[in-house]
Amino acid sequence: MNLALTILVEGLGYASYLFIVSLGLTIIFGVLKILNVAHGAFYAWGAYFCAFLIGEFSAMGVSDLGTMIAIPIAALVVGIVLGSAIERTIIRNLYGRDEVLIVLATFGLFLVLEDVILLLFGVDPYFAFQPTYAMPGVQIGGIYQDGYKLSMIALSLVVGIISWVVLNRTHWGKLVAAIIFDSDLAVAMGINVRRVFYVVFVAGAVLGALGGAYIAPTISVAPGFGVEVIVLSFAVVVIGGMGSIAGAAIGALMVGMLRAYAVLQWPEIELFVVYAVMAAVLIFRPEGLFAPAKARKI
Amino acid sequence: MTHSMDRTLVGLTVGFAVVALLGVFVLPDWLLSQTLIAFSRALAVVGLLVLWRTGLVSFGHALYFGLGAYTVAMLGRELGITEVLITLPAAAVFSALVGFGLGFIIRKYREIFFAMLNLAFSMVLFGILVKTESLGSTDGFSVEQPTIFGLGTDDASVKLIALFLGVCAVGWLVAVLVHRYLGSVLGSLTTAVRDNEIRVEYLGYSVAEAIHGKYVMSAALTGLGGGFMALALGQVDPESMVNWTVSGELVFITILSGPGSVAAPFIGSLIFELLRTYAYELVPYAWQLIVGATLLLIIFFLPGGVWSLISRLTGRRDAGRPESSRPESSRGEANP
């Protein structure tokens, strides 16, 4: 029972940040049809910038809880500045090119952004544990749980709900839906597709950076840690169905739970199991487990 | 057609002979070992080129690269077989067999799904290797000293020259065979499948089988390249053989080389290797930046790859033209 509970909480914690990162990836894919490898760079940038800010704030005498303000700042600054810069210079010029070529271009972008981090922030790892001290631990079922992890789960719920509402209940969401269905027709209807693309890309970048910024206080932020997240979020998105919010949630939950189970019970299969599930989903249900039904177009 | 084909064959033969002679008599050891590593990778890239001509790009060929490398390394470690005439063919055959098996599933997929499924398979192998203590987990293990006809040497520079000549010979053979293949009816199906699958079916060919065949071929070549890489580095480990970044590098070199010719991967790999080395010497912490920026520049300004430059310079416009057309929508063509 205790074990199941531990797996559940560990898995949820892990799933929550994967969900935030993958959500960014999946909305960019859903709308722009771009599989963005550079998404891992947004994540890494968010983490670095957040850890850096927390260090600065802490040095300025801000309380442990107060340093948490660094998380939204980092996510927004990185997402908006970096996201805009990349959309304007690179992505914008790739619309309509071959899908796979675009993936490769974002791979090049990822390599560039990874190294710019090293040039800006140096090669030494950053530690910014202050926010985790601020969160009180909670006892659940007799097991002491880290408060920060629980707050991450709450955040992912909020992010998920907000995204769902924006996409399903607002004017903007309708524009996006129209573009996903047929971007040429959307242009004919007078929708400024380029602008929607831009906003969606930046929103996705903010989400990627948010995932990184929120995870930063729990790890040592060191070079090269964006590499693993990319394939993991690819796996999440593929498992759930590319371009679907619910899919990203289900995918993140599956990957999180599987991994938590593997880490605690069967460490040998930790990585293997995630990609085995990804392969299995692609083989038996390539559109993903929870892909939205699509009207067939000719 | 026969005329231009002969020209390519002559060019390949002369080119490889010149490189081999230069390597033995002129080039310093460091450049020799760079060329060895580059040509090992080039073998894999030739495999990817065959797929790319079909319009398919795999983000998981590190699977076969790693299989080839680990086959060579494990034959030496577990069975004591170090004879390269056995280990290298074994690497190719084993990779081909795995490719044949997975091919039944993979041949149904196109575009991003093809890329993703390959990625998933390669990451499965990565996940297994990283966690297998007996194979050294993330550290990997070193490859036994290779022998040929039972002869081995402890002299590092003799070994280097021998491996270098080996990779030149195999590279030449592979390039010639793949070139012949692409000129054959079966090979011409590559571009045909890319352009219009339904039409190919109407002509009486099975698209699935055509893709399957090319997939197995690319798996074998990539395995062979991985085998050579294991011998060249003297070490195998998951990070530098099987991780997704390796697949990314291979695709990168394919784009860098361009689909124009089977010679292109060898030139492209060499450029990549030198670029990486010089970038590393110049700015140790920013070599990826230079490599990544190069990739972006090529995608934007040289979509036909290095080969399109070469064929433009040598004035082989009409010969290179139909081959250098790219597997992408004609929208946004950068150079006419």
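Predicted model: local features only at pLDDT ≥ 70, side-chain atom pairs only at ≥ 80, totals over all residues.
## Basis

Local features need pLDDT of at least 70 and side-chain atom pairs count only at pLDDT 80 or more, while totals for chains, interfaces and linings use all residues. Residues are numbered from 1 along each chain as its sequence is written, and chains are lettered from A in the order in which they are written.

## Chain A overall

Chain A has twelve helices and four strands. These are DSSP runs, numbered from the N terminus: helices are H or I of at least four residues, strands are E of at least two. The C-alpha trace spans about 55 × 45 × 35 Å along its principal axes.

Of the 298 residues in chain A, 51% are buried (20 or more other C-beta atoms within 10 Å of a residue's own, with C-beta atoms placed from the backbone).

## Helix 6 of chain A

Helix 6 of chain A covers residues 147-169. Its buried residues are A:Tyr148, A:Lys149, A:Met152, A:Ser156 and A:Ser163. Their cover includes helix 1 (2-32), strand 3 (143-145) and helix 9 (193-215) of chain A.

## Where the chains meet

In chain B, 41 residues are in contact with 39 residues of chain A (C-beta atoms, placed from the backbone, within 7 Å). Helix 5 (111-131), helix 11 (244-257) and helix 13 (287-301) of chain B each supply at least two residues of that side. Helix 5 of chain B gives the largest share, 16 residues.

Helix 5 of chain B is also mostly covered, with 16 of its 21 residues buried.

Technical notes: Contact = placed C-beta atoms within 7 Å. Expected span 1.5 Å × (residues − 1). Buried ≥ 20, exposed ≤ 12 C-beta atoms within 10 Å, placed from the backbone.
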